[in-house]
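Hi everyone, thanks for making the time. Please bring up the sequence and the model on your screens, and we'll walk through a few parts together.

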Amino acid sequence: MKINVIGCGYLGTVHAACLATLGHEVMGVDTDVAKVERLSHGDPGFFEPGLPELLAQALGSGRLSFATEPTPAEVYFLTVGTPQVTDGLAADVSFVHAAIDSILPVASLDAVVVGKSTVPVGTAAGLVDKLGGRALVWSPEFLREGFAVADTLHPDRLVYGLPDDPATACRAQNALDQVYESMLAADVPRLTMNYATAELVKMAANSFLATKISFMNTMAELCECTGGDVTLLAEALGLDARIGPLFLRAGIGFGGGCLPKDIRAVIARATELGVDDTVSFLHHVDAINQHSRDRVVDRALQLLGDEPEGKKVTVLGASFKPNSDDIRDSPALEVADRLHDQGAEVTVTDPQALFGVHRSFPHLHTESDITAALTGAELVLLLTEWQEFSHLDPQATIDLVERPQLIDGHRLLLRRNQPTPLWPPQVCSNSIGGHVQPNLPLGFRRVLEMQRTDEPQMYIDNALRL
Ligand code: UGA
């Protein structure tokens with residue numbers, strides 16, 4: 001099919017490349033001339049595993065191109081951003097309106113327009129008149145950064161929010177079924193519903209995921225003051241099929257361009273609708289998330305003897321999550337920035353996100369070499385779950401630092417199934433989520449015992465300090 005994808009940010013670029021891979025003739029459209037130029041040469045401009053290869057393949061096939069203006073097409077996907085407004089909690093949908101304005105001069109009346117951007121409930125219904133008879137579907141996207149290609153090509157489900165008019169709905173559904181023909185043939189569930197339900201599915205999904213994380217972070221705090229181990233707690237909870245094992249990882253809370261702004265957009269919309277009490281729990285979810293970051297800052301200051309001035313602190317991680325260079329609302333960078341504000345000499349290292357740190361946090365010192373970043377540190381904070389950090393050799397790391405004290409913000413080094421989970425517990429004992437219980441596999445326990453005897457002085461030093 002002939003398709004335009006309007007807005008070549010994260011979602012649009014991945015979506016355009018994937019649709020071309022599925023065999024469609026796709027044009028990615030963006031008003032940013034430099035971006036269009038870059039994409040035309042196969043450079044996404046951000047880090048996403050598998051995307052450069054996919055772009056190269058799709059461009060090479062001749063089925064994918066990029067331009068600054070829309071062209072006549074059968075289907076137009078709207079994939080523009082809906083960031084939080086600067087003066088409130090609501091989502092800014094002005095880019096969605098601008099995207100529609102841009103297609104009206106070229107889109108024929110039988111074209112189908114498919115909104116994928118995350119919008120407040122009620123937005124799609126408000127756009128119908130503007131489209132002057134062209135069919136509108138609202139089909140939210142559920143891809144995760146770091147897994148965007150796989151999530152787009154093999155989604156858990158396809159959601160179609162269809163117009164009320166049965167004939168228009170049928171035409172729109174047929175067009176989308178054609179776009180996703182291969183996925184439907186592979187039995188990807190497809191759910192049809194009205195606009196409001198489709199918009200709410202996305203908002204509900206992100207609100208629920210955020211709630212799960214904040215819930216686990218409250219459990220982490222309870223574990224810390226009661227001698228519990230939140231990793232084991234999550235494992236036990238996750239074995240209950242009604243709860244499930246995913247998104248139960250406690251840590252420094254959620255960040256990124258989606259979860260934080262989406263729960264705030266739900267609150268804003270509910271307030272406009274006069275039902276703000278109904279979603280008031282989301283204020284708590286947001287507050288717990290902020291509290292999770294505050295706790296890491298407080299703990300770091302405590303370990304620096306409440307005298308952070310001039311002390312060398314190394315922050316492992318800058319992106320909001322691993323396998324991404326996205327630093328939007330990154331918990332790791334907020335913590336790093338706050339410690340810098342308190343006078344600590346903060347060095348940030350990250351496998352992919354340092355360019356963004358230079359641009360947005362030019363006052364923070366960055367170091368791409370992990371060894372150099374760790375050398376002489378008085379405190380290390382592991383704040384993004386990159387594999388590069390979970391694979392750090394404990395003894396080599398301890399040898400580099402000035403003082404062996406580490407806050408593991410995600411219990412990455414304390415998880416029982418890590419390939420190198422051999423960190424002396426005292427080094428990490430200020431990590432998030434409570435004590436590590438000694439029900440570890442025998443091999444693990446034996447190595448810990450060896451480390452105790454190999455490094456008695458360090459062990460005693462740590463024991464005395466804690
Ligand atoms: C999120 C949703 O997971 C996607 O389904 C959705 O499509 C996307 O937002 C969107 O709205 O566009 P994403 O922002 O890429 O995807 O990241 P997640 O994998 O959801 O992680 C969000 C944050 O939660 C990260 O900071 C991560 O470290 C944190 N997290 C995740 C936890 O703290 N604990 C967990 O157990 C899982």
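I'll take the helix pairs, then the sheet and the helix lying across it, and finish with a few single residues.

Some housekeeping before that. This is a predicted model, so local features need pLDDT of at least 70 and side-chain atom pairs count only at pLDDT 80 or more, while totals for chains, interfaces and linings use all residues. Residues are numbered from 1 along each chain as its sequence is written, and side-chain values use heavy atoms, with hydrogens and water left out. Helices (H or I, at least four residues) and strands (E, at least two) are DSSP runs, numbered from the N terminus.

Let's start with helix H9, residues 195-226, and helix H10, residues 230-238. Their axes come within 9 Å and cross at roughly 135 degrees. By axes I mean lines fitted to C-alpha atoms, for helices over the stretch in contact, with angles running from 0 to 180 degrees between N-to-C directions. That angle makes H9 oblique to H10. For the wording, under 35 degrees counts as roughly parallel, over 145 as roughly antiparallel, 65 to 115 as roughly perpendicular, and the rest as oblique.

Which residues in H9 and H10 meet? From H9 we have Phe215, Met216, Met219, Ala220 and Cys223, and from H10 they meet Val230, Leu233, Ala234 and Leu237. That contact has 9 nonpolar residues, no polar and no charged. Here Ala, Val, Leu, Ile, Met, Phe, Trp, Tyr, Cys and Pro count as nonpolar, Asp, Glu, Lys and Arg as charged, and the others, Gly among them, as polar. Contact itself means heavy atoms within 4.5 Å.

Next pair: helix H11 (residues 259-272) packs with helix H12 (residues 281-303) at about 155 degrees, their axes 10 Å apart. H11 and H12 are therefore roughly antiparallel to each other, and the crossing is left-handed. H11 brings Ile263, Arg264, Val266 and Ile267 to the contact, and H12 brings Leu282, His283, Val285 and Asp286. The residues of this contact divide into 5 nonpolar, 1 polar and 2 charged.

While we're here, have a look at Leu89, in the loop between strand E4 (75-78) and helix H4 (94-103). Setting aside neighbours within four places in sequence, Leu89 is in contact with residues including Arg264, Ile267 and His283. Is Leu89 buried, exposed or partly exposed? At 34% relative accessibility, Leu89 counts as partly exposed. The cut-offs are under 20% relative accessible area for buried, over 50% for exposed, and partly exposed in between, using a 1.4 Å probe and protein chains only.

Now the sheet. It is open, with 5 strands in the order E11-E10-E9-E12-E13, and the pairing is parallel. Two strands pair if DSSP finds at least two bridges between them. At the edges are strand E11 (365-366) and strand E13 (406-408), each pairing on one side only. Strand E12, residues 379-382, is joined to E13 by 3 bridges, and Leu381 stands opposite Ile407 in E13.

Within strand E10 you'll find Thr347, which is buried, with a relative accessible area of 6%. Beyond four places in sequence, Thr347 touches several residues, among them Val313, Thr314, His365 and Thr366.

Lying across strand E9 (312-316), strand E10 (345-349) and E12 is helix H13 (residues 331-341), running at about 160 degrees to E10. In H13, 8 of the 11 residues are buried, so this helix is largely enclosed by the rest of the structure. The cover over those buried residues includes H12, E9, E10, helix H14 (354-360) and E12. Just after H13, Gly343 takes a positive phi of about 105 degrees.

Last stop, backbone angles. Most residues other than glycine have a negative phi, and most peptide bonds are trans. Phe247, not a glycine, has a positive phi of about 60 degrees; look for Phe247 in the loop between H10 and H11. Asp306 also has a positive phi, near 55 degrees, and sits in the loop between H12 and E9. Asp306 is exposed, with a relative accessible area of 58%, whereas Phe247 is partly exposed at 31%.

Terms used. A crossing is left-handed if the near helix is turned anticlockwise from the far one by less than a right angle, and right-handed if clockwise.
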